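Here are my notes on this model, point by point. Please read them with the structure open.

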Amino acid sequence: MSKVFSEEQRDCLQELINVAMGLASDKLARFLNTFVHLQVPAIELVSSAQIPAEFETRYSSTDSALVSQGFLGNDGLRGEAIVLYQLENAHRIAALLGYETDSISELEMLTDISSILTTTFLNGLATQIDNSLSYSAPRVLSSRQGNVAQALLETAYHWELALKVDISYQLIDHSFNCDMLLLIPGEAVVNIQQILTRILEEY
Amino acid sequence: MSDNWLTGPVLEQLNSGVLVVDEQFQLVYLNCFLQRHGSVQLDEVRGQSLFKVFSDVPEAWLRRKFASVLELQSPSFSSWEQRHYVIKLPHMRPMTSSSQYMAQNCTMLPLSDEAGRRYVCLLIEDATDTFVYQQHLQSTLQKLEHSNRIDGLTQCLNRRYWEEQLKLEVQRALRYQQPLSLLLFDLDKFKQLNDQYGHLGGDSVLIELSARVRALLRDTDWFGRYGGEEFGIVLTNTALQGAVEVAERLCLAVSSLAVTFNECSIQSSISIGVAQLTNTGERAHEVLIGQADVALYNAKRNGRNRVVAFSPGETEFLLKTTD
Amino acid sequence: MTLPVLICDDSLLARKQVRKSLPEFFDADILTAGNGVEALAILRSQEIGLVFLDLTMPELDGIGVLEAIKQEGMDCFVIVISADIQPEMQKRVTELGALAFIHKPVNPEKLVVILKQYGLI
């Protein structure tokens with residue numbers, strides 16, 4: 001099977017992701033006790049070799065963080081979710097989550113925020129396709145002066161396809177932007193295509 | 001909770017801690033691992049508050065974590081690298097670890113029973129081995145870094161690291177407009193010493209003079225071995241006059257007392273060239289070395305065991321060759 | 001009596017999901033539109049009894065469609081089906097005249113309840 005998604009499959013994936021974002025935003029809104037304005041996440045399939053250049057410009061000039069978390073589901077669904085964001089942004093959402101920044105290490109705060117964003121979103125995706133996911137502990141790949149492009153290059157090397165999801169959360173009085181990358185290895189791409197085909201056949 | 005023939009024994013034998021609390025943080029289950037390590041009996045603590053049974057857990061932190069697990073119905077994690085342990089427990093290799101307590105990687109998972117009641121499961125993995133390896137790695141890296149910076153014989157900075165520091169200090173001095181001076185000095189007649197007392201004799205003089213010089217320097221000065229018997233000292237926040245005074249004290253400290261080697265008394269002296277940073281720009285540190293080197297050359301030519309400060313006029317021809 | 005129904009969503013999957021969620025006995029003549037502009041063109045050219053409307057779409061979004069329907073006084077029921085399920089958004093579309101708000105993914109049972117409630121089945 002081809003590793004390129006058909007137009008129908010792409011549409012299907014975009015819709016699943018839109019709904020997953022909606023579910024995640026609703027959960028976050030309840031949890032944070034504020035309104036979350038969600039924008040439709042722009043999704044794009046890129047080959048993993050293209051990734052570092054895409055993010056180098058956006059994340060090289062400021063203090064930024066890159067956190068990775070593996071996910072594993074049924075039907076051969078697996079991959080690695082990477083959340084990229086600027087640290088300045090992280091401190092805003094940390095304040096909302098009720099972190100007292102002096103009593104907690106920055107690394108812990110980063111992994112917590114990423115894990116919340118990743119798992120709420122992917123759980124929303126999994127529910128729609130009657131799947132469920134388990135997660136590995138989040139790992140900070142690079143933060144502050146760390147070279148984001150280099151860290152991504154090293155990670156992306158083992159993956160074939162990346163689903164780039166631009167996520168932008170806007171909370172009342174706060175805006176929080178981040179990028180999420182779902183890195184998916186070759187055989188899992190085929191499995192995802194099968195899942196999408198099955199869904200398309202159902203309707 | 002553990003009455004199933006398969007999951008029950010596995011949970012009890014598991015080399016990880018499994019703890020379940022309800023939404024009020026009351027203990028519902030503890031596996032054997034936690035009961036043994038924590039010296040508690042499930043029957044005695046079931047229904048009690050987690051914070052009462054394990055009184056030193058970080059309560060506010062754990063409440064927030066559990067709240068996110070329950071509300072978002074998604075897992076939460078904690079790594080020993082950020083928080084050494086969540087529940088203070090002894091570990092099983094007390095002899096070979098520098099920490100008294102078990103390093104823990106924790107996962108918090110949402111659970112529900114048939115009636116829809118919600119729980120949080122805390123999985124605790126012993127990461128003490130990783131912690132120990134990480135510590136060995138850190139100390140090895142530290143030693144490596146040290147040996148990368150230090151000259152083995154004299155315990156001064158080696159040339160590469162010293163030059164890096166010189167460069168940084170020059171940049172800093174230029175940025176904050178502070179004076180900076182450089183001393184370059186040379187052990188006089190080193191070849192003769194080696195011929196007369198052997199290389200070990202020469203080495204012992206180098207070791208002794210390094211120690212005497214170091215004793216007269218401030219913590220903020222950078223003392224490095226530049227070449228065989230040549231040394232450099234970066235004097236931060238010091239103008240030429242002050243640098244010359246330091247240099248004269250160093251000269252005296254070396255020449256006033258002989259070094260004893262194999263019951264021989266070895267008389268030695270040093271010649272010192274001094275220069276103050278005046279140039280700006282990318283190559284300022286190289287120009288400074290060149291100027292101190294010219295002064296050192298003049299100190300040698302003028303009869304050794306003396307201090308010469310660089311003066312621009314008389315040595316212009318030499319500067320050009322070092323640029 | 002066959003009811004003319006318009007399903008407006010930019011996603012093919014979403015359009016199919018709505019179509020499949022409708023009860024089998026629901027006698028409807030179904031048209032589809034991929035964005036707000038297409039939807040308005042259909043609404044202006046023929047009688048439509050019920051619109052299933054997505055909110056986030058290219059060209060013209062669901063809010064724009066609701067505004068046009070209100071402004072031009074078109075006589076049709078609108079049920080909004082959206083992934084954005086914030087209460088604030090629900091309030092806004094209700095103010096613009098939407099009959100009901102259903103969140104994605106569409107739950108067929110809930111849809112039937114709403115259709116019954118408004119006497120559409």
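1. Burial first. A residue is called buried if 20 or more other C-beta atoms lie within 10 Å of its own, exposed if 12 or fewer do, and partly exposed in between, with C-beta atoms placed from the backbone. On that count, buried residues make up 34% of the 323 residues in chain B.

2. Ground rules. This is a predicted model: local features need pLDDT of at least 70, side-chain atom pairs count only at pLDDT 80 or more, and totals for chains, interfaces and linings use all residues. Residues are numbered from 1 along each chain as its sequence is written, while chains are lettered from A and ligands numbered from 1 in the order in which they are written.

3. Chain B, overall form. Chain B has 11 helices and 12 strands. These are DSSP runs numbered from the N terminus: helices are H or I with at least four residues, strands are E with at least two. The radius of gyration, taken over C-alpha atoms, is 33 Å for chain B.

4. Chain B, contacts. Two residues are in contact if their C-beta atoms, placed from the backbone, lie within 7 Å. Take the contacts in chain B with a separation of 6 or more: 59% of them join residues 24 or more positions apart.

5. Chain C, the sheet. Five strands form an open sheet in chain C, in the order E2-E1-E3-E4-E5, with parallel pairing. Two strands pair if DSSP finds at least two bridges between them. Strand E2 (28–33) and strand E5 (100–103) of chain C are the edges, each pairing on one side only. Within the sheet, E1 (residues 3–8) and E3 (residues 50–53) of chain C pair in the parallel sense over four bridges. C:Ile7 has C:Phe52 as its bridge partner in E3(C).

6. Where do chains A and B meet? The contact takes 16 residues from chain A and 13 residues from chain B. On the side of chain A that touches chain B, helix H1 (7–32) and helix H4 (106–128) of chain A each supply at least two residues. H4(A) gives the largest share, eight residues.

7. The other chain pairs. Two pairs of chains are in contact, and chains A and C share the most contacts. No contact joins chain B and chain C; their closest C-alpha atoms lie 16 Å apart.

Definitions and conventions. The radius of gyration is taken over C-alpha atoms; the globule rule is 2.2 Å times the number of residues to the power 0.38.
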